[in-house]
Amino acid sequence: MSATGEVTAGRPGRGRRVILWRHGQTSWNVERRFQGSTDVALTEAGIAQARRAARLLASLKPAAIVASDLQRAAHTAAELAVLTGLDVAQDEGLRETYAGVWQGLTHEDIIARYGEEYAAWKRGEPVRRGGGELETEVADRAAPVVLRHAEKLPDDGTLVVVSHGGTIRTTIGRLLGLEPHHWESLGGLSNCCWSVLGEGARGWRLLEHNAGTLPEPVLGDDD
């Protein structure tokens, strides 16, 4: 990232990829409770999701893994580490958005108590949900972590980043150079699904989004 806060694109031609992988299912996901930075464990189903996804991602032969230090992400990353033999670098900069009093509330509770705040957020306005972080602040801490680890990759190397839905969305938006009010246009990630960024001549490109199977080559005029 430059001194002005703009993302510096990777050097063209190195062919690096970044896979941003959301953690497996938690009980709060099932209950539709806003987790934020609350440290909630994976369910048995979430562990099974992580193991299945890890088998797929291991076949891409990642060069490095970095994860949020919250246990739902760290334990998801551990499943890939077992298969690849890689160490997992943990970084609190990849934690989910801190959302203050929203944390622990169900979706319905938030709508009922903070409907205007929720609506403003969905409109793309800068909102401190529950008195917590702005989305731009989340990107400010998470995107540099991804870039720092990506810069260490060998040519054509793949980095797996294990994080959280909101943090991944804001990080993708920042790395693609999208204006923050457009970040909501990136749909959410299902549990243990991932998005893939690759280097292009003009910087990072979104190659796959909310994928649960291995990426396929793009064959066509937009290759």
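Colleague: In which loop is Glu96 found?

Modeller: Helices (H or I, at least four residues) and strands (E, at least two) are DSSP runs numbered from the N terminus. Glu96 is found in the loop between strand E3 (88-90) and H4. This is a predicted model, in which local features need pLDDT of at least 70, side-chain atom pairs count only at pLDDT 80 or more, and totals for chains, interfaces and linings use all residues. Residues are numbered from 1 along each chain as its sequence is written, and side-chain values use heavy atoms, with hydrogens and water left out.

Colleague: Is Glu96 buried or exposed?

Modeller: Buried means under 20% relative accessible area, exposed over 50%, and partly exposed in between, with a 1.4 Å probe and protein chains only. Glu96 has a relative accessible area of 13% and is therefore buried.

Colleague: Which residues does UniProt list for "active site"?

Modeller: UniProt positions are given in the numbering used here, feature names are shortened, and annotations may be inferred rather than shown by experiment. The unreviewed entry lists His23 and Glu96. They are spread over 74 residues of sequence, yet cluster in space, with a largest C-alpha distance of 10.8 Å. His23 is found in the loop between strand E1 (17-22) and H1, and is buried, with a relative accessible area of 1%.

Colleague: What volume does the largest pocket have?

Modeller: Rolling a probe the size of a water molecule over the atoms shows where empty space is left. On a 1 Å grid over the protein atoms alone, where a 1.4 Å probe fits, a pocket is an open set of points with protein on both sides within 12 Å along at least five of seven lines; lining residues have an atom within 4 Å of a point. Grid points are joined across faces, edges and corners, and a volume is the space filled by probe spheres set on the points. The largest pocket has a volume of about 760 Å³. Its lining has 32 residues, with Arg22, Phe34, Glu96, Trp121 and Gly166 nearest its centre.
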